[in-house]
Amino acid sequence: MADRKKLNDATPAAQPSPNGAGVRDRVVQTTRTVATTVRRALPELSPADMGSLLRKRNLQFGFGVALVVILIAIFRFTGDTKPVPPQPAVPTAPAAPAVVAAPKEPVVEAPHIVPRLPGETAPAAPLTASPTVPAAGSEAVEADVSTRSVAITSNFSGTEIVVFGAVDGSRQNSPEAGLYDVVVILEGTHTPIISRRKSNVAGLWINTQSVRFASLPSYYTISATRPLEEIAEPAVLNQHGIGFEHVRLIPAGWMAHGLTADELKSHREAIIRLKQKDGLYIRRDYGTVFIGRSLFRTQIALPANVPVGPLDARVFLFREGRMLSTFTTKVNLQREGIEAFLHAFAFEYSLLYGIFCVVIAVAAGLAASALFKRGAH
Amino acid sequence: MNLYLPIAEMSANIFVFLGMGAAVGFLSGMFGVGGGFLMTPLLIFSGIQPAVAVGTEAAQIVASSVSGAIAQYQRRNVDVKMGVVLLSGGIVGSVIGVQLVKVLRELGQFELFVSLSYVTFLGIIGTLMMIESLNTMRKAAAGKSVSMRRPGQHSWIHGLPLKMRFHRSKLYISAIPPLLIGAFVGMLGAIMGVGGGFIMVPAMIYLLRVPTNVVVGTSLFQILFVTSVTTILHATQNHTVDIVLAMLLMIGGVIGAQFGAVAGEKLKGEQLRFLLAGLVLLVCLRIGWNLVVEPSELYSLSGLVGGH
């Protein structure tokens, strides 16, 4: 957060980033100037000034402003309810070295490792009988994450996690050799989810069909050295639940009855699509790069709306379509400070919390009327 | 500047919600309405879950009605007895409403129900208000004075049993209509995230024939207590009151309302009522549009209710 601010101060207008962040930056700039002006003017304000503020002309102006704000609010938020702009799936790691100090090597441009000799790649045509059994080779993968524990505090606005690791007993001569494929998956806790479909009933669009899925990762990022289809056969990917299409998505028991296979399939696709739109499912085909004969790393974005709960980081090592080794590590994602307190308060002592809310509300109302009474009358 | 909302579970820009609170607060202070009927749709449009918007808005209405209720009470504009009768009905209605929210959320039809309620009530109220303000404007232009109250008319309401004397309102009527009105408004408030003043005030004027000078005070008095109960019920039953979001709205809202209240005393009524009616109809059309036009995304996801 602090980094981003510094960046903005240095180059306010020079980053028309694709997400409309340029507009946001400008808004931030404006509000900051307004804030400083207000801060300077505030000590000079006396209660009598408040009264003189409330002249008819000012009030009419205020009414106009209020109308305009509301009109903008009504028509601005047309339908796009995504809380975060989606992560642009650029293959290169974004330059944010201050966030993570883990591997200090310069970030390798991903496209370097893409080209392979066509004969060599041949995405593992029906290779061997049991492609999942680790091969005779002694290669194994080890990995770790840059941050073991991410705290969600009141100013949490997303973060980045670096997953890095090494291929033990690597036989590759250079980072560009491309002998190995690494797939890194960071996934959140599995929760049940309900998918609903609207259809037109008497002119209104109403939820008419719902499917309950027993278990679905709340967050799922997949970062690989190459597109998954080139790395291994669907059957292999399926077995390990690698890739959006291969995430286990089973309708909970009786909830699925009466649905055709097609309808179920479109529910599945809709879930993935919506999750991607929310920035919770991210796929980066060239997101993982080798930066040494055995060392690899990838940067994974955790958006601000990431559901709270422990995350699993799973690393898969492939060679020629066969899975050689896996490694799993955990990232703790939890509320901290006032966020943790308020959430626990709201869910565990909900009656007290409700009363607390009312007390706060009453206090706010009283404080405002006490504050303004002196000035206004 | 962004702040993470603990119950809505999203990161939100402080100034957006402060500004929204101030703008709605100004209008609500000006017209003596709670502002919930504007704020809740705005929250939903801005990406807050409908249930969280409704629960949080209840808390904000408490804040925005406190100062008004106290001011009216000091000016002796509150019929406490009438308020208590309305209130008893209101609490029952609120309990029913919060339960209904819970059931509808489980069925996945809550958003639809909220939208339909808004379209219906905003449509009716907006149209009536528009007609009324146009009539007043025309009559004012013709030089006639208009009074809202037509005393001396008797209706079926006066034939009901359980008669009570309401001194402050100079009324001797049955307690059943105020109880029913209170219950209806309480239920609607819990579902729509509104105080219900926009229904309460016309109902008191036209159905109960309460004098206009005590109508606003009494309705504020009952709204204050009913929304307090609704807030607590939403917090315990649905866990949908986001105190951080509510505080942002409150800060914007109470400040806006103070200015709005003074503006309401100083400015001319009919044109502004006409504008408010226009605004109400606009919100109504906007919500109705979403119901009628084919959405770009037919699917929606939700977790299990209370599944935390």
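How many helices and strands does the secondary structure of chain B come to? In this predicted model, the secondary structure of chain B comes to 10 helices and 5 strands, and the legends below take up views of both chains.

**View 1. Chain B and its enclosed helix H2.** Of the 308 residues that make up chain B, 56% count as buried, and among contacts in this chain between residues at least 6 apart in sequence, 81% join residues at least 24 apart. Helix H2 of chain B, residues 36-45, is largely enclosed by the rest of the structure, because 10 of its 10 residues are buried. H2(B) is followed by B:Gly47, a residue with a positive phi, near 100°.

**View 2. The largest nonpolar core.** This core has 169 residues, of which A:Val163, A:Val183, A:Cys357 and B:Ala246 touch the most other members. Helix H9 of chain B (residues 243-266) gives the largest share of the core, 15 residues. Apart from this core lies another, of 6 residues, with A:Ile193, A:Ile194, A:Val211 and A:Ile271 among them.

**View 3. The surroundings of A:Val183.** When residues up to four places away in sequence are not counted, A:Val183 touches A:Ile222, A:Ala224, A:Ile231 and A:Ile242, together with the two phenylalanines A:Phe316 and A:Phe318.

**View 4. An open sheet in chain A.** The 6 strands of this open sheet follow the order S2-S12-S11-S4-S7-S8 in chain A, with mixed pairing. Its edge strands, each of which pairs on one side only, are S2 (149-152) and S8 (281-284) of chain A. On average, and with direction ignored, neighbouring strands of the sheet are turned by 15° against each other. Strand S7 of chain A (residues 220-224) pairs with S8(A) in the parallel sense over 4 bridges, and A:Tyr220 has A:Tyr281 in S8(A) as its bridge partner.

**View 5. Confidence along chain A.** Chain A averages a pLDDT of 71, and 68% of its residues score at least 70. Within this chain, confidence is highest in S7(A), at a mean of 89, and lowest in helix H5 (residues 118-121), at 38. The pLDDT is below 50 over residues 1-18 of chain A, a stretch that has 15 contacts in the model beyond near neighbours in sequence. Over residues 78-135 of chain A the pLDDT is likewise below 50, and this stretch has 88 such contacts. Where pLDDT is low, the predicted coordinates should not be read in detail.

How values were computed: Residues numbered from 1 in each chain as written. Chains lettered and ligands numbered in written order. Predicted model: local features only at pLDDT ≥ 70, side-chain atom pairs only at ≥ 80, totals over all residues. Core = buried A, V, L, I, M, F, W, Y, C linked by C-beta atoms within 7 Å. Buried ≥ 20, exposed ≤ 12 C-beta atoms within 10 Å, placed from the backbone. Helix = DSSP H or I, 4+ residues; strand = E, 2+ residues; numbered from the N terminus. Contact = placed C-beta atoms within 7 Å. Pairing = 2+ DSSP bridges. Axes fitted to C-alpha atoms, helices over the stretch in contact; angles between N-to-C directions. pLDDT = per-residue confidence, 0-100.
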